[in-house]
Amino acid sequence: MFPTDHAPFPTTSRPRVLVITGYGFNCEAESIAAWRMAGAEPIPVHFADLLADPDVLGTVRALMFIGGFSFGDHMGSGHVIASRLRHRLRPALNGYLAAGGLVLGICNGFQILVRLGLLPGLDGQYFRPLVSLATNDVGTFRNLWVRVRFEHDSPCVFTRGLPPMDLPVRHGEGKLVVPNRRILDRIEHQRLAVCRYVDSLTGEPARHYPANPNGSVNAIAGLCDPTGRVFGMMPHPEAYLYPDQHPGADRQRLDGGLPPEGLGLAIFRNAVRHLRTTAPDVAAPA
Amino acid sequence: MSFRIEIGLRRGLRDPRGEHVARLAREFLRLPVRRVVTRDVYLVADDLPKDVQRCVAREFADPVSARVAVGRLPPPPFDWLIEIGYRPGVTDNVGQTARTVLADVLDVAPDQVGPVFSATQFFVSGAGLRREHAERLARDLLANELIQTVRIHARDEWCAAPPAVELPLVRDRHAPTVRDIRLDVPDEELLRISRDGILSLSLDEMRAIRDHYRREDVRAARRAAGLPPDRPTDVELECLAQTWSEHCKHKIFAARVLYEETPGRVEVIESLFDTYIRRATEQIARRRDWLVSVFRDNAGIIRFNDRWHLAYKVETHNSPSALDPYGGAITGIVGVNRDPMGTGLGCELLANTWGYCFASPFHTGEIPAGLMHPRRIRDGVHRGVVDGGNQSGIPWARGFERFDERFLGKPLVFCGTVGRLPHVVAGRPAHVKEIRPGDVIVMAGGRIGKDGIHGATFSSEELRHESPAQAVQIGDAFTQRKLYDFLIEARDRGLYRAITDNGAGGLSSSVGELCTLSGGADLDLARAPLKYAGLDPWEILLSEAQERMTLAVPPEHLDELLDLARRRDVEATALGTFTQSGAFVVRHGDRIVGRLELDFLHHGCPRMELRARWTPPAVPPPRPLRAGPRNTALLALLGSLNIASKEWISRSYDGEVKGLSVLKPFVGRRAEVPSDATVMRIAHGSNEGFVLAEGINPYYSDLDTYAMVASVVDEAVRRAISVGGTLTHLAGLDNFCWPDPVPSATNPDAEYKMAQLVRANRALYDVTTAYGVPLISGKDSMKNDSIRGGRRISIPPTVLVSVLGRIEDVRRVVTMDFKRPGDRIAVVGLTRDELGASEFHRWLAARRGTPSAIGGRVPCPAAAAALPIYAAMEGAIRANLLHSSHTPTLGGLAVALALAAIGGDVGAVVDLAAVPAEPDLSDDARLFSESPSRYVVTAPPDRAADVEAAFRGVPFAWVGEVTDEPRLRLRTGVGREIINLPVARMRATWQRTFDRM
């Protein structure tokens, strides 16, 4: 349904991934490209069609909420989609999660997972919001590249073994706030704070703009749930699929440091690897 | 009973929105504001039990970070409360979204719940803050009373009063009427009808309409239709006025011009557009095989490769942005998006461009009544562009700002959009529109209100104190984004045969123009969905309510199209049929309220005749500086409004969504220096791409508009070449913004302005044909004047030239910053004594206290010199010889070298005496001349011989070296260094001007 602006990729043993579109989601082209390049079969489905036919969740093994401005970010980013999911799709989502399906949320998608209460999902309790993503400390939307680091003792299946990398952030409401100290402690203790903004020189968590672009507590850029199968982050790995997308690609090329592919692709490759090495709990499509 | 919901942040959480307001109040308005706390308010017009109200309130707020109450939330400490809502009938995007949440909570369809209205509270505190301070804060920073309501309460007033639930409902119970207008009246009366009705029709045009209604065949047809035979209805007169408006008809560019350059010798030019613009492109088309559709459709189309076409359109939205910066600009950006959306069978949107001309945001002088402070205009305009662009998911690719006090009266707001069109859609060539009689007229998107009525005629007027608030629309990117997704689906399923957007003139324009393809239309206004009752038929026809497209749908696809629209939450309505009757018939229910013959509608407008007289202006140069170092001058230029870094506001807009951007708007080690041009992939998985660049320079117009236009064409072209573009694959767009060249009592120098326009067009012809860069689309805005308190402020004549070109391989592009210490620096192209109207002369003139003494030779390119340079540059880049390439523009070589050093975070040592230059050139000209067609390039020493070979035959010289020490040192031969500055200091100065703004 969306313009097919991709080169052909091979199509053997490709896990099916649902990419939710419509209502102001904006990152469908690059998200579809990312899953394809990583070896999956992305299936774009309009949010209205998903609500009309939730059974489609039973035919896929990963579900992605992409970046964008769903409902124009009115009433808070991700607020309206989360409200609709809670009212209309809760049983279907519960079934999908129980069957071991993956969920990825990037930027607006992460905001939705947080507002929906899928993240951090402490004690396996979903639909219970515990944290929030608030307006950036600098007060405005920001688009810049930042260095992020992934915590390797985390259960997250998307980030296993990933090196620190530069990724773009593009948001106005990305500051993770955890009003309850005990909840923050549990998030950290269970290693759910899987992705952090770091200083590019020291590699340590950054506190201030621009390295920490929004003022997130503990420099947290992304969270997973205790199963490691639900993951969301503010930075955009799907915006770093080709090496030349990095703003320093010109220098990397001169210095011989240009990677063969965009580093963000690794997150999608990890997901596909996980799906290929685990038995499908969900029915394959007829 | 309606109820009120208040939502605030939990204690202990920062309120960046309030902090931002407090900061602006202190720094910009100089008010003693200590703290501002903000809250959101919703007024829900629905009768619900108390417990359901509380449930709705909880669903409206974030459960973790917000506190919420039905009625009133306990207020924070404050001195004044400012509550801002929308006026009745003004688009309230947030309120509309809240209504859908309400419907979800109640589990019903959105149209079954009452409307919801949003408002915002600002609790302001500060010692000594008086009511008039709060009023100023509201008026000059927070609200625009054209569209918003402001309520100000002192603490005790607020606490004593019950929570207000006053709904901004449109309570107009006016029954729709159609008037007819007698035109058999004296000339003064004709003019009065035009003026009072804001029709902007001249006497000649009013007479042409009057005469049309005297024709017997016209009268007979009208009798048959049940219309008053001898006079137009208001529907007809309004439709004619809008179709014939300067905005839509480009009457000045179509006029016969009597041009006098040598006294006594009058040259007759039949249409500037035909003579210079269309003719240039037609000539170039013989040499370029990739022009698909030019000047015909909503945007120009070029072939990109064997799969894709590209379309590009740039618009201005000046007058609305002057009245309501935010609303005007968001409408500008989402409005220009609809041009490629309505081009061919509808493009996919890839990138936006923006550019502004403002008065200084630091303006300290008086602001004429009715105008806004330029700081406020700048903030509001950019926020509008950002919201429109971000929410639509279209990345920005280029942006610029230019500043001049004359933009105080009318700011210029340029918005552009690049679209991509497959060659074939649903088995049909995608660039061709077709309509058959019997096809259904379908309007899709938003509803119709009084928004923007008379926008087209209004933008053709100078800004007056009483300019109508109705002329302001507020775009809603979210509604349009839904519409866009729906249209692309419908397009790919082949559900419609033609599409165009509803912009200026609304349905009158979209249906009026589309129906020329079939030969007529029959439109029923009573079927159009309205935002509120009480609109007269002519208002429905002309409304510029946003986010609407008009389609021609084959009857057999109508059900499928309407069903798809329903499933995509898009309102789509059949409003009539396309016919071959030769007339545009407008009805309201059973009654015909207008019938306009297409021939008269589109070809009946009499042609204007304008006189133009060119007298070269006598502008003295500023008194030169004494010999010596120029560190102060270079720092002043780096910190000047035009050259200083605009990174902060730029980065509030997403430049990377869609994942196609490669060479980004900011480059360099810290990604902080503006690139010469930007490059994006055409599609995922492809390494082919396109380049975007632009040229603009209103200042050269003070000396000669010929040189101005020649220079901006050259600037756009050489920027594109700088990163790897090729001259044979570049297309251009022209956007003219002019002061009114039509004579009137208040416009005594109209003939000079017209002569400036003639010279500008000649340059456009000369340079585009010499370069072989065809113009594929353009726009003119011809009334950029403001009359306030008897004073006319006219903008300097301004032309924006934007270019779009093909890039063979996006992995081979070159950026502008110095890369490696030890790299050799060369200058390509000749530096001449061209300091007239340059940044340097303008700075020096101001410093001397003679700000208008900016004279000197004005920069002007020569194709014979430029073409070999561009060919050599293309060769050098293709051969991968260059580590960096940067074209000097404002501030000349000195600023170019400084920015390349800042970008690379390295230094440079350069001998200015080695720069290729005309004889006896002064040091200041070497440093600051803005001679066109030049480059600063670097290459590693071991490729020096190859580089020299690549540039054989054109002015070229090695002038210095990139150094590890981060310091810029420019010397003149064996003489002293005239620039010696640490890069960190240059960077700090360059970034300080617009620090966080």
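**Strands, helices and confidence**

Author: In strand E3 of chain A, A:Ala62 is the bridge partner of A:Val17. This is a predicted model, where local features need pLDDT of at least 70 and side-chain atom pairs count only at pLDDT 80 or more, while totals for chains, interfaces and linings use all residues; side-chain values use heavy atoms, without hydrogens and water. Residues are numbered from 1 along each chain as its sequence is written, with chains lettered from A and ligands numbered from 1 in the order in which they are written.

Reader: What makes E1(A) and E3(A) a pair?

Author: Two strands (E runs in DSSP of at least two residues, numbered from the N terminus) pair if DSSP finds at least two bridges between them. E1(A), residues 16-21, and E3(A) have four, in the parallel sense. E3(A) also pairs with E4(A), residues 102-106, in the parallel sense over four bridges. There, A:Phe65 stands opposite A:Gly105.

Reader: Which way do the residues of E3(A) point, and are they buried or exposed?

Author: A:Ala62 and A:Met64 point one way, A:Leu63 and A:Phe65 the other. All are buried, that is, under 20% relative accessible area; exposed is over 50%, partly exposed in between (1.4 Å probe, protein chains only).

Reader: Why is H26(B) called largely enclosed?

Author: H26(B) is a helix, residues 839-847 (helices are H or I runs of at least four residues). Seven of its nine residues are buried, so the rest of the structure largely encloses it. Among them are B:Phe840, B:Trp843 and B:Leu844. The cover includes helices H22 (631-638) and H29 (923-928) of chain B. Just after H26(B), B:Gly849 takes a positive phi of about 80°.

Reader: How do you know how confident the predictor is in chain B?

Author: By pLDDT, its confidence in each residue, from 0 to 100. Chain B averages 94, and 98% of the residues score at least 70. Over residues 464-469 of chain B, pLDDT stays under 50, and the model has 11 contacts for them beyond four places in sequence. The complex gets an ipTM of 0.95 and a pTM of 0.96.

Key:
Contact means heavy atoms within 4.5 Å.
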